[in-house]
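Here's a quick briefing to read with the model open beside you.

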Amino acid sequence: FTRLPTPPDPSSREEGRPAPSSLDTMAGPNLLGVLKSAMVSPSETHTQGGGHVRRTMERIPMARPSWDDEMRRAAMETLDSLHWVKGPQGKAFGQEFASYCHAVQGTPCQSGSVALWGALRLLDIGPGDEVLVPSLTYIATATCVSLVGAHPVFVDVEPDHWCVDLASLEAARTPRTKAVIAVHLFGQMCDDRLVEWCNEHGIAYIEDAAQAHGAVAASGTPAGGVGDVACFSFFPSKNLAVGGEGGMMMTRRENLAARMDALVNHGRDARLESHELGSNLRMSEVTAAIGRVQLKRLDGWLARRRTIAQRYDAAFSHLAGIRPPATRPGTQHAWHQYCLLVDEPDRLRAALDEAGIDSRVYYATPCHRQQVYAHHPQHTATLSVTDGIAKRLVAIPVHHQMTDEEVDRVVAAVTQASDAQP
């Protein structure tokens, strides 16, 4: 028997856990694992795909965290140094990733959610302020606004690229609007015209780049260097990870750089005096060391994701009831997720499950309709595009560790599901 891995759940910024695979050298099988796999029921061998699949076929997960000898050496050398916090690795990781993103400063922190909260604090946003956020996103994009005492105002997304819609932003803008959190959804860059719109109205532009490591705007600027502040997540399912939880705040504004470092360290300056409200939000030296190695791999990983996405585009462009994602002209998509817009998502997902392929729906319940916002004035509001696609976006595996054979299996399963439609 082959023990099937439990794949990570990539539906959130704090999702999943590393899945054992032949490429994950920390999770090799042992005799106990083989014996246990022979004794458990089929429903216990995986959690994301539903029913049992043939044991001779390895399930294709939504993500496989990357781990190799250089990452292990970086982690162990950092541990052996006994310099585990506030050391050279975190500083170097911030500088290197900021340079990659054409920004002036990067500050590692504990998670992408922390980065979003920190971005709002940096921009002095709080009670009485409004922040425009798309409802088709992970919930942390909205709850960070509530956590600083401001009011999230939910807006719609584009019908083709699924990023925040400029017309919806303009309709929602009021004198109290202080910022927009623009999500580069699934790795797709937002419209470049958003920069001009924010500048025209004196509104801060916060990039939610949690899914956009390595994406490039039509202007040629990478995600992280477009807005006033950018926020990244390094959760294990992301395009770039750090061996655990992690995030980064980034800015292109010199006047925010020093405050950004202080914010994750109790608001303290070099003399250890606190000048503003902050907390211990630092990233550990070990995770920063791993992130530095992963950053060196990122371009190669992105090339593989883009190759897979091109294969999917060609295979799915004429299928009935299934629409492949559109890439904004002139941009470079990061393909954190490859989402199909599907007329019958349950049918497709059942077919994929039967073929031993994981899938996810993004985002079945938009933020404004979730129970945390049950008393929000927009809780029952209609956002026509968001409401129309929320339950129909089916993500299929597109991660860089997929083999050509696995890509072929996904193509075959999706194509067969389309052909089988009545």
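A residue is called buried when its relative accessible area is under 20%, exposed when it is over 50%, and partly exposed in between (1.4 Å probe, protein chains only). Helices (H or I, at least four residues) and strands (E, at least two) are DSSP runs, numbered from the N terminus. This is a predicted model, so to speak of local features takes a pLDDT of at least 70, side-chain atom pairs count only at pLDDT 80 or more, and totals for chains, interfaces and linings use all residues. Residues are numbered from 1 along each chain as its sequence is written, and side-chain values use heavy atoms, with hydrogens and water left out.

**Overall picture**

- The protein has 12 helices and 11 strands.
- Of its 422 residues, 57% are buried.
- Take the contacts (heavy atoms within 4.5 Å) with a separation of 6 or more: 72% of them are between residues 24 or more positions apart.

- Strand E6 (residues 229-233) is largely enclosed by the rest of the structure, because 5 of its 5 residues are buried.
- Val 229, Cys 231 and Ser 233 point one way from E6, while Ala 230 and Phe 232 point the other way.
- Strands pair if DSSP finds at least two bridges between them. E6 runs parallel to strand E5 (residues 204-208), with 3 bridges joining the two.
- E6 also pairs with strand E7 (residues 247-251), this time antiparallel and over 5 bridges.
- Cys 231 has a bridge partner in each of these strands: Asp 208 and Met 249 in E7.

**Helix H5**

- In helix H5 (residues 140-147), the buried residues are Ala 140, Thr 141, Ala 142, Cys 144 and Val 145.
- Those residues pack against helix H4 (112-122) and strands E2 (130-134), E3 (151-155), E4 (177-183) and E5.
- Just after H5 comes Gly 149, with a positive phi of about 90°.

**The four-stranded sheet**

- Strands E8, E9, E11 and E10 form an open sheet in the order E8-E9-E11-E10, with antiparallel pairing.
- E8 (322-323) and E10 (360-361) are at the edges with a single partner strand each, so one side of each has no neighbour in the sheet.
- E9 (residues 338-342) and E11 (residues 393-396) are antiparallel and joined by 4 bridges. Leu 341 sits opposite Leu 393 in E11.
- Helix H10 (residues 345-354) packs on this sheet and touches E8, E9, E10 and E11, its direction making about 15° with that of E11.
- Helix H9 (residues 285-316) lies across E8, E9 and E11, at about 20° to E9. Axes here are lines fitted to C-alpha atoms, for helices over the stretch in contact, and angles run from 0 to 180 degrees between N-to-C directions.

**Salt bridges**

- There are 22 salt bridges in the structure, each being a side-chain nitrogen of Lys or Arg within 4 Å of a carboxyl oxygen of Asp or Glu.
- Arg 59 bridges to Asp 353, with the closest N and O atoms 2.6 Å apart. Arg 59 is in the loop between helix H1 (31-39) and H2 and Asp 353 is in helix H10, so the pair ties together parts that are 294 residues apart in sequence. Both residues are buried.
- Arg 64 and Glu 58 meet at 4.0 Å, N to O. Arg 64 is buried at 7% relative accessible area, whereas Glu 58 is partly exposed at 36%.
- Glu 344 and Arg 347 meet at 3.1 Å, N to O. Glu 344 is partly exposed at 32%, and so is Arg 347 at 36%.
- Asp 68, Glu 70, Lys 296 and Arg 297 are linked in a network of salt bridges.

**A nonpolar surface patch**

- Met 76, Leu 79, Leu 82, Trp 84 and Val 85 make up a nonpolar patch on the surface, with about 500 Å² of accessible area together.
- Patches are made of residues with over 30% relative accessible area and no salt bridge, joining like charges within 9 Å and nonpolar side chains (Val, Leu, Ile, Met, Phe, Trp, Tyr) within 5 Å.
- Leu 79 is in helix H2 (residues 69-81) and is partly exposed at 34% relative accessibility.

Conventions
Accessible areas come from the Shrake-Rupley method with a 1.4 Å probe; for residues, only the protein chains shown count as cover.
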